[in-house]
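Please look at the sequence and the structure together before reading on. The report below is meant to be read beside them.

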Amino acid sequence: MNEKKPGDSQNLACVFCRKNDDCPNKYGEKKTNEKWNLTVHYYCLLMSSGIWQRGKEEEGVYGFLIEDIRKEVTRASKLKCCICKKTGASIGCVAPRCKRSYHFPCGLQRECIFQFTGNFASFCWKHRPVQIITSNNYKDSLPCTICLEFVEPIPTYSILRSPCCKNAWFHRDCLQVQAINAGVFFFRCTICNNSDIFQKEMLRMGIHIPEKDASWELEENAYQELLQHYERCDVRRCRCKEGRDYNAPNSKWEIKRCQCCGSSGTHLACSSLRSWEQNWECLECRGILYNSGDFQKPQKHALPNTNNVGITDCLLEESSPKLPRQSPGAQRKDLLRQGSKFRRDTATIIIELGFQIKRKTKKLYINKAKIWNSALDGFRNPNFNPSYSIEVVYVNENDNFGREHPGSKQEFLSLLMQHLENSPLFEGSLSKNLSLNSQALKDNLYYEAGKMLAISLVHGGPSPGFFSKTLFDCLVYGPENTQPILDDVSDFDVAQIVMRLNAATNTADLNSIINEFYNYLELIGCLRIITSLSDKYMLAKDILDYHVIKRVQAPFESFKQGLKTLGVLEKIQSYPEAFYSFFCHKPENLSAKVLSDLFTVHTLSDVQALGFWNSYLQAVEDGKSATTVEDILSFTTGCNSIPPAGFKPTPSLECLPMDFPVGNKCNNCLALPITNTYKEFQENMDFAIRNTLRLEKEESSHYIEH
């Protein structure tokens, strides 16, 4: 498609409103299709009553096909605007029995309301929604909380009230400018900071909230000063002869910042720190921790490398797909092509979420054979707090002595995610959607599943990797802005109906199929009058919408609430491009080099055994061993992939004088056997790893299958 930029179409009139005004804030972007000599305002196209988006985003204009636009222009040419009395009124009031039609600019002038959400309804000045106040106790004028000019506290078209704060009043124009500048992620009540209730009411009252990041977030280098590191020694007696501002990395004169506030520093030598990895608190923060009762010897935990984290990393502007019409995603794709300055690294975001975890520890008693029930009991315990550190203890109900064994948190989370993937809460083969399980809904298990996913993510668990793109898009953009596909349907009979509809070659075949499945279509509310063969696409779309989205609305809302735990859903919605692969794709297969780099040798080890280890990894990768690279990682850590936030502690190697390897999953430590020959080394490694994993799988397989 050859399109002119808005600046190139200054003198061309919109085919709907016939105005050549180029005012994106009022009429939306003005775009010209040079090939077909067709110019439209985006809002004029979007609000037209007789057109919907049938093409892909790059087709036609914003996915609205040229032939559909021409048909809509022809239809509108027969309708007279009830305001300016000229033809071309493509927008009609949706109120029953109201026959008013008008141009978009005329509607704005006459104070009509256009809802930029849902089905993008339009209301004339007689039927527009209003704000109702049960009692008005305001006698004096109140200031608009944006511009601070006084307004009469009576809701009108030009004056709106906040739904969440009774004393917050706004000019409509002030709200609209604020919404355009703030975007969907930052537009909220100026008094209480509420976004959900506030945005819902403002959309109802015709405020357009673009799905983009805030304008101030898009300014290049807007927060550049925040990237500067604090580099000064603030201890009472600085021992460095070069002065307090001297910083020599990788030496005892390297400056370490306070792990709590980051605004105080010390040379390693000045505070007797042996390495940069040791945590250090300044006097002020230490006093706060001590007085709060949480003070203890600092734990080691990795901080994100601020050199790799951009404060100006921001949310991507997303398209606003609609039913039955979808808004364009061209702007989103343009931003995606601009490069990494708009992207956030998943590991960095997860590490930031991990800062919520407190030092206080909560024990979870887990029966590996009943991983789901054990986790459910632990997470539902009134004393459980998702922000507490998790300590896993393995128990066995068949053990008459009631012995407890220390467990690996990351192994537990990995097993839990495996069970969740194969649970009846989801349906599908590889890419899964939520299922409709009435008993699970009654037991609130969808909420618990979302909560478990959130906790696993923040506490260092593995990538789920089994979500369908449709389920992920529903979580990020909302079900109303998501279009399912045939692959989302796991029910064979429903899939057959959709395929037969798509394969129909004439209206007779189409009506025959509808008659055959009349009862089903009537039950799900998808019956429609067939006027042409192209109606089959809308019918198939309605069936997919019902089966994949509307049918599981209650499970989805419950699951979504659980995923809000620890602020996970908010991060997913803020950085969808970072989390998409995490939720929808399994990690890539590990290589010998990746695994070799992952392990560190933390004790003096046998040189020959380490040589055997490197040869063994290469043999495993080449398929010359009975094990896989993932088996080795699972044997050592309990995880068959590297979690996005990495392992804590870092996997390590040691060599011990024994016959077979030993994997300590609590410490992520692999003890290698010291043997005389490589053949013996490989045979012993294969035997121990293969049989250990087989026994573990047999122990848990019964309950997972159940």
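What follows takes up the confidence of the model and then two of its residues.

## Confidence of the model

The structure shown is a predicted model, and the protein averages a pLDDT of 83, with 86% of the residues scoring at least 70. Among the elements of the protein, the highest mean pLDDT, 95, belongs to helix H19 (residues 553-563), whereas the lowest, 36, belongs to helix H8 (residues 330-337).

Two stretches call for careful reading. Over residues 1-7 the pLDDT stays under 50, and the model has 19 contacts beyond four places in sequence for them. Over residues 293-343 the pLDDT likewise stays under 50, and here the model has 130 contacts beyond four places in sequence.

## Thr39, in a strand

Thr39 is part of strand E3, which covers residues 38-41. Because its relative accessibility is 3%, Thr39 counts as buried, the cut-off for that word being under 20%.

Not counting residues up to four places away in sequence, Thr39 touches Leu12, Ala13, Cys14, Val15, Lys30, Lys31 and Thr32. With Thr32 there is also a polar contact, made between the two side chains at 2.8 Å.

## Gly50, in a loop

Gly50 is found in the loop that lies between helix H2 (42-47) and helix H3 (66-76). Its relative accessibility is 36%, and therefore Gly50 counts as partly exposed.

When neighbours within four places in sequence are left aside, Gly50 is in contact with Glu72 and Arg75. The C-alpha atoms of Gly50 and Ala76 are separated by 8.8 Å, while the two residues are 26 residues apart along the chain.

How values were computed:
Residues numbered from 1 in each chain as written. Predicted model: local features only at pLDDT ≥ 70, side-chain atom pairs only at ≥ 80, totals over all residues. Heavy atoms only, no water. Helix = DSSP H or I, 4+ residues; strand = E, 2+ residues; numbered from the N terminus. Buried < 20%, exposed > 50% of the residue type's maximum accessible area, 1.4 Å probe, protein only. Polar contact = N/O pair within 3.5 Å; in protein donor to acceptor, adjacent residues only side chain to side chain. Contact = heavy atoms within 4.5 Å. pLDDT = per-residue confidence, 0-100.
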